Amino acid sequence: MQLVCDVRIPHVFGGLEGEAVYIDTQGGVVIERLVSMATATIQHCQQIAAGETDQYVVAALSEMSVDRLLSGIHILSCTTHIQLLAIISQLPHFLHAHRKVQLVVVDSISFHFRSSFEDLSLRTRVLTNLAQSLQSCARKFNIAVVVTNQMTTRVSEDGARVVPCLGESWAHACTTRLLLQGSGYAFLLKSPTNKQTLAHFQITESGIRDVASDSNNVLERDVDSTCIGKMEDMNMENPTKRQKVS
Amino acid sequence: MSEIDDLDVQQRLKNALKRSRLTTLKSILYLTEPVGNLGAEDIQTIKIAAAKKLSVLKPVTALELRNSPRENQRLTTGCGVLDQALRGGLLCRGITEISGESSSGKTQFALQLSLTAQLAPRYGGLDAGTLYICTEDAFPSKRLYQMIENFTSRHGKKLCTHGNLGDKIFIEHVPDFDGLMHCITHKAPVLLKSGAVKLIVVDSVAAHFRSDYEGHEMYKRAQHIGALGTLLYTHSHEYNIPVVCINQVTSSMKPEGRQLIPSLGLSWSSQVTIRIMLTRTDRSLTIQQDSARGPLETVVREMEIVYAPHLPPLTVPYVIDHEGMKGFA
């Protein structure tokens, strides 16, 4: 949700000023929360711009409103994996009609796939195909695609480990992978441009924010396993642009 | 007559599909590579037509959602303090899980919600009944009747229709997983479609899963849990109703963190939208009741919001008296 708000930030503030598509598979979008994050995003911009006299900044600021921010976020819901496949098949058509979209979020890709398939090889084929469709949308329309994934327990001879869902083939399909832990750590697992690093964040009333710390060094340490809260793995397909978590 | 007959594509493509025995929309959407006489482009065209038939894209902007009353509807718990912690009450979408040790007040909470659901919408209710599915003990009728008496005397004016509140609570006892799935697959939609029921309670979701599966059947158990969760979520989404699942607790194997965690593991917790835990503390409180009864000494309990998409983690203390749960600051 933080990303869909951030993508709406105007160019003068360093944002993409684009629209977003949010595909919600598990009812995680509670509009009241999105509204409070959107309000905080605007306040953040207002604080940055306080005292600025540049005409573009002033103009952009006066046009910003919660209503306008929300009107650029398109939400699609689905309840089964077939509906999700149907939505993604129609996505290129939608993106063609809505050229301002710069971000597509799928939350989450694993929710429906983890339990409805008995034939795992079919599931792998379908998911790989899905990933390819998303990659081609990202390239063709020059947008970022962010997908969330859940965690599952893998039982092996060494015991049980908590790993991202959907197996190895899904792991290969994504360009960038970020692992989020409930206590506020984000671990960059895979990236074409950066090495593996850890970042600290917090979830506040306003959304996701940095944690003020004395050292700028990023720690490298083992990522712990799950707590009873949710732990999510975010997979990103992002051919050209960097995503910033503000 | 199959699903593809009225698909919006050329006849030659439909014929090719029939020759390759692809007669359901599902099988078309599963296609990943050219098959039969159909090239890659043909496959694309057919997939898009199938997708449109299955689910026409109806995107809603966040602005429209914010202004829609359906999105903002909440089910009140019957207590102002608890409602405030939940920012209005239970979400009318997704699965709300209430877990806790025995006698922490889970069934009490569920019974209370079965009554508040019958309140008029402007008082936080849904003006409809409840489907209460019992998987372990018998339904606590005596406790319910006691609560109905107190509820009617206190909230009588806020109900839309009058009559016995118990009549609107549909109780089902199910002996095992298959019985549970049958009830939710076949009986629930009948009640939901008629509008008789706008709340589903499963008490408890853990009972069958903890006892009916052998050690080597864990994968099957995870599949079944997923199937149950998906079915409940689908009903919740389609009819815009809250689904409340009561869960038991189990000991955590980890040395740090909390000692008791909700049972059924990751496969269940990923299905849950809002997780609430109830605990008994070792504190007690003497509360003043109305003049007909004397003061009551009762144990203090706590309701903890472990996670919810729109709520910060929070713990609210409460007590249970003859009228139900009462939170306090």
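The following questions and answers examine how terms are applied to this predicted model.

Q: Why is the aromatic pair of Phe111(A) and Tyr233(B) called edge-to-face?
A: The ring centres of Phe111(A) and Tyr233(B) are 5.9 Å apart and the planes make an angle of 85°. Centres within 6.5 Å count as a pair and planes over 60 degrees apart as edge-to-face, so both terms apply. This is one of four aromatic pairs over all chains.

Q: What makes the pair of Phe111(A) and Tyr233(B) one that joins two chains?
A: Phe111(A) belongs to helix H6 (residues 110-116) of chain A, whereas Tyr233(B) belongs to helix H11 (residues 218-239) of chain B, and the pair therefore joins two chains. Both Phe111(A) and Tyr233(B) are buried.

Q: Why is the pair of Phe177(B) and Phe209(B) called tilted?
A: With 5.6 Å from centre to centre, Phe177(B) and Phe209(B) pair, and their planes stand at 55°. Stacked requires under 30 degrees and edge-to-face over 60, so an angle between these limits is tilted.

Q: Which parts of chain B does the pair of Phe177(B) and Phe209(B) tie together?
A: Phe177(B) lies in helix H9 (residues 177-194) and Phe209(B) in helix H10 (residues 206-211), so the pair links parts that are 32 residues apart in sequence. Together with Tyr213(B), Phe177(B) and Phe209(B) form one aromatic cluster.

Q: How do you know whether Phe177(B) and Phe209(B) are buried or exposed?
A: Phe177(B) has a relative accessibility of 10%, and Phe209(B) has a relative accessible area of 2%. The cut-off for buried is under 20%. Phe177(B) is therefore buried, and so is Phe209(B).

Q: How do you know how the span of helix H2 of chain A compares with the expected one?
A: Helix H2 (residues 31-49) of chain A has 19 residues and reaches 27 Å from its first C-alpha to its last, close to the 27 Å expected at 1.5 Å a residue. Buried residues in H2(A) include Ile31(A), Leu34(A), Val35(A), Ala38(A) and Ile42(A). An α-helix has 3.6 residues a turn, so residues three or four places apart point the same way. Just after H2(A), Gly51(A) takes a positive phi of about 90°.

Q: What span does helix H7 of chain A reach, and what is expected?
A: Helix H7 (residues 120-141) of chain A has 22 residues and reaches 31 Å between its first and last C-alpha, close to the expected 32 Å. Among the buried residues of H7(A) are Leu127(A), Leu130(A), Ala131(A) and Leu134(A). Asn142(A), which follows H7(A), has a positive phi near 55°.

Q: What makes the contact between Asp67(A) and Arg66(B) a salt bridge?
A: The closest N and O atoms of Asp67(A) and Arg66(B) are 2.7 Å apart. The limit is within 4 Å, so the term salt bridge applies. Three salt bridges are counted between chain A and chain B. The contact takes 55 residues from chain A and 51 residues from chain B, and the area buried between the two chains is about 4500 Å², with 61% given by carbon and sulfur atoms.

Methods. Residues are numbered from 1 along each chain as its sequence is written. Chains are lettered from A and ligands numbered from 1 in the order in which they are written. This is a predicted model: local features need pLDDT of at least 70, side-chain atom pairs count only at pLDDT 80 or more; totals for chains, interfaces and linings use all residues. Side-chain values use heavy atoms; hydrogens and water are left out. Rings of Phe, Tyr and Trp (its six-membered ring) pair if their centres lie within 6.5 Å; planes under 30 degrees apart count as stacked, over 60 as edge-to-face and the rest as tilted. Helices (H or I, at least four residues) and strands (E, at least two) are DSSP runs, numbered from the N terminus. Buried means under 20% relative accessible area, exposed over 50%, partly exposed in between (1.4 Å probe, protein chains only). The expected span of a helix is 1.5 Å times one less than its number of residues. Contact means heavy atoms within 4.5 Å. Buried area is the accessible area (1.4 Å probe) that two parts lose on being put together, summed over both. A salt bridge is a side-chain nitrogen of Lys or Arg within 4 Å of a carboxyl oxygen of Asp or Glu.
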